[in-house]
Amino acid sequence: MSTPARTASLTRTTSESSVELELNLDGSGAGEVNTGVRFYDHMLLSLAKHSLIDLRVKATGDLDVDAHHTVEDVAIVLGDALREALGDKRGISRFGDATVPLDEALVHAVVDVAGRPYVVHTGEPEGQEYVVIGGNYVGSLTRHVLESFAHHAGIALHVRVLAGRDPHHIVEAQFKAVARALRAAVARDPRVTGIPSAKGSL
């Protein structure tokens, strides 16, 4: 008996942005991302590569205003797609954690694919939220991405920045740590025969 494909293909259009997104949880980390926010593209490609989730994103938005709407809406659709692709979550590991360095930066991320959205985000150095990276990615967007993604995916997500100086490294280490934690959490575990919860549902 073949296992069902864990994929999703979603679109979301508002007056502020248009997002087309496809993902495959059982991929190889292939990515094709174009949001108009090049640093965000770089982060999403890192997320795909290190989670082994194949990801295709095409987004357009009101970048003449700022990057906020486009970045937020892509995170929303990414969360919705992850939730859809997971289905009833039968046979998954459910929990994942990773500690990832990037030169001087160090980030710890923990994921619980519990169906109960919650985000704890701590440790960014003072002023990180005001830094502009790549011309239009403001540092405060990182927390907003994590919150939007986790709430729409229905996951509990804890991200702790343990060390870091370079703003680029601080953000990238967070995306990579989340990716590695997700990779573990959504992986199929051959010893799990049903839904990994004493309640019988997630």
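Which helices each supply at least two residues of the lining of the second largest cavity? In this predicted model, the helices that do so are α1 and α2.

**Second largest cavity**
- The volume of the second largest cavity is about 70 Å³.
- Its lining consists of L23, L47, A48, S51, I53, L55, L78, L82, F149 and L182.
- Helix α1 provides the largest share of this lining, namely three residues.
- By class, the lining of the second largest cavity comprises nine nonpolar residues, one polar residue and no charged residue.

**Largest cavity**
- The largest cavity holds about 80 Å³ of space.
- The residues that line the largest cavity are Y40, L44, L47, A75, L78, V145, L146, F149, Q174, F175 and V178.
- Four helices each contribute at least two residues to the lining of the largest cavity: α1 (38-51), α2 (68-86), α3 (141-153) and α4 (167-186).
- Ten residues of this lining are nonpolar and one is polar, while none is charged.

**Largest pocket**
- The largest pocket has a volume of about 310 Å³.
- It is lined by 16 residues, of which T3, P4, R90, G91 and R188 are the closest to its centre.
- The lining of the largest pocket includes six charged residues, alongside seven nonpolar and three polar ones.
- In contrast, the lining of the largest cavity has no charged residue, and the lining of the second largest cavity has none either.

- Strand β3 and strand β4 (residues 54-61) run parallel and are joined by four bridges.
- Residue N34 stands opposite K58 in β4.

- Strands of a sheet pair through backbone hydrogen bonds, in either a parallel or an antiparallel manner.
- Strand β5 (residues 95-102) and β6 run antiparallel and are joined by eight bridges.
- V100 has V107 in β6 as its bridge partner.
- Two residues lie between the strands in the hairpin of β5 and β6, where D103 takes a positive phi near 55°.
- Strand β6 also pairs with strand β10 (residues 156-163), in the antiparallel sense and over seven bridges.
- The bridge partner of V111 in β10 is L157.
- Strand β6 (residues 105-112) is mostly covered, with six of its eight residues buried.

How values were computed:
Residues are numbered from 1 along each chain as its sequence is written. This is a predicted model: local features need pLDDT of at least 70, side-chain atom pairs count only at pLDDT 80 or more; totals for chains, interfaces and linings use all residues. Side-chain values use heavy atoms; hydrogens and water are left out. On a 1 Å grid over the protein atoms alone, a cavity is a set of points where a 1.4 Å probe fits but cannot get out, and a pocket is an open set with protein on both sides within 12 Å along at least five of seven lines; lining residues have an atom within 4 Å of a point. Grid points are joined across faces, edges and corners, and a volume is the space filled by probe spheres set on the points. Ala, Val, Leu, Ile, Met, Phe, Trp, Tyr, Cys and Pro count as nonpolar, Asp, Glu, Lys and Arg as charged, and the others, Gly among them, as polar. Buried means under 20% relative accessible area, exposed over 50%, partly exposed in between (1.4 Å probe, protein chains only). Two strands pair if DSSP finds at least two bridges between them.
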